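Start with the structure itself.

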Amino acid sequence: MSKRVLMQEAKNRIHVVFEREHCRSGMEQVPALSCIDEPGPLRACLDKLDHLVGLNGVKEFVKEIYAWLEINKRRRAVGLSADQQVLHMMFTGNPGTGKTTVARILAELFREMGVLSKGHLVEVERADLVGEYIGHTAQKTREHVKKALGGILFIDEAYSLARGGEKDFGKEAIDTMVKSMEDYCNDFILILAGYVEEMEHFLHTNPGLPSRFPIRLHFTDFSLDELMVIAENMLQERQYRLSLTAQEKLRHHLSKQLAVQDQPFGNARYIRNIVEQAIRNQAVRLLHMRYTSKEELMTIRGEDLRFHHHEEKQRIYSWYNEKG
Ligand SMILES: Nc1ncnc2c1ncn2[C@@H]1O[C@H](COP(=O)(O)OP(=O)(O)OP(=O)(O)O)[C@@H](O)[C@H]1O
Ligand SMILES: [Mg+2]
């Protein structure tokens, strides 16, 4: 089939078909972590990560950690040393690129791999750490570190701790954190998250910081195809699907968004908001129908997808948006 010839004959239609095939082949890619032969809960965690769209760097990193732990076991078995490694990390990327989601899965994975004893995630931001008087910040920060022992302490928008300079209590939070990393060595993993430029600047505010975070994972913005796959997966999980018209409408809207945005617009979180809004719109549409088939109950039609003007202009943080 020559795509070019067919595109000349019926440009729009063939374009959509081609894109859909492309999209589906993305979904059918061999999952990066399927080669790890593990049963039980560890398999379930690996599958959760594999199920996330894109994020190849993160998946490769998990493979490395898994391999390192396995080889350490073999080394120990023959009497060789098997050293600990520093696993504190920095996540950079725009909103909605999966940082919190990945941190949560990593916490579980590390528990199943025996790196962390509990495997929970404590997510904090500046306001949770910075206090109002001298000593208050250190106390608040230590409390959160204690809560995170055995798991991951995830500091979102970590660069804001360096915002106020030398006199700001944010600096006290950083100093307390660095001290805790030494005190509790491998009892918890600290992940600092934020936008690339701000995090780079943040690291340079304290010469001791860069070497303490040897693992850097960058979360790239999703492509149009990835966003479409994310939408389809989200709907599938909820037992819905897009009609052909809805697929075209969503793809067209997203491509327009990607083309005009000079700012990231919320990535996968934006998709989740669209999906959830569409589900509500479909419910209202079906409410007054006397009979609704299973097919109808599952189908999101083009008319259920409504994109508001303000959504196209702003980063999407709707009023009901929860963290993570
Ligand atoms: N790779 C992915 N595949 C599928 N869904 C994803 C992916 N990444 C994120 N999501 C979904 O997008 C939503 C937002 O993700 P998440 O909260 O992890 O982003 P974030 O990077 O932490 O954003 P922020 O910087 O705003 O905190 C969640 O519902 C999550 O399930
Ligand atoms: Mg987050």
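## Residue classes

Ala, Val, Leu, Ile, Met, Phe, Trp, Tyr, Cys and Pro count as nonpolar. Asp, Glu, Lys and Arg count as charged, and the others, Gly among them, as polar. The model is predicted.

## The shell around ligand 1

By these classes, six nonpolar, eight polar and four charged residues form the shell around ligand 1. In all, 18 residues surround the ligand. The closest are Pro-95, Gly-98, Thr-100, Thr-101 and Ala-268.

Two helices, α5 and α12 (267-287), each supply at least two residues of this shell. Domain 1 (55-219) and domain 2 (224-313) both give residues to it, so ligand 1 lies between the two domains.

## α3 against α5

Helix α5 (residues 99-112) also packs with helix α3 (residues 40-51). Their axes are 9 Å apart, at an angle of about 155 degrees. Angles over 145 degrees count as roughly antiparallel, and α3 and α5 are therefore roughly antiparallel to each other. Their crossing is left-handed.

From α3, the contact takes Pro-41, Leu-42, Cys-45, Lys-48 and Leu-49. From α5 come Ile-105, Glu-108, Leu-109 and Glu-112. The residues of this contact divide into six nonpolar and three charged, with no polar ones.

## α10 against α12

Helix α12 has a packing partner too: α10 (residues 224-237). The axes of α10 and α12 come within 10 Å and cross at roughly 45 degrees. That angle makes α10 oblique to α12. The crossing is right-handed.

On the α10 side, the contact is made by Leu-227, Ile-230, Ala-231, Met-234 and Leu-235. On the α12 side, it is made by Ala-268, Ile-271, Arg-272, Ile-274 and Val-275. Nine residues of this contact are nonpolar, one is charged and none is polar.

## α7 against α8

Helix α7 (residues 136-148) packs with helix α8 (residues 169-183) at an angle of about 40 degrees. Their axes are 9 Å apart. That makes α7 oblique to α8. The two helices cross in a right-handed sense.

Thr-137, Ala-138, Thr-141, Arg-142 and Val-145 of α7 make the contact with α8. They meet Phe-169, Glu-172, Ala-173, Thr-176, Met-177 and Ser-180 of α8. By class, five residues of the contact are nonpolar, four polar and two charged.

Terms used
Residues are numbered from 1 along each chain as its sequence is written. Chains are lettered from A and ligands numbered from 1 in the order in which they are written. This is a predicted model: local features need pLDDT of at least 70, side-chain atom pairs count only at pLDDT 80 or more; totals for chains, interfaces and linings use all residues. Axes are lines fitted to C-alpha atoms, for helices over the stretch in contact, and angles run from 0 to 180 degrees between N-to-C directions. Helices (H or I, at least four residues) and strands (E, at least two) are DSSP runs, numbered from the N terminus. Angles under 35 degrees count as roughly parallel, over 145 as roughly antiparallel, 65 to 115 as roughly perpendicular and the rest as oblique. A crossing is left-handed if the near helix is turned anticlockwise from the far one by less than a right angle, and right-handed if clockwise. Two residues are in contact if their C-beta atoms, placed from the backbone, lie within 7 Å. A residue is near a molecule or strand if its C-beta atom, placed from the backbone, lies within 6 Å of it. Domain bounds come from an automatic or database domain assignment.
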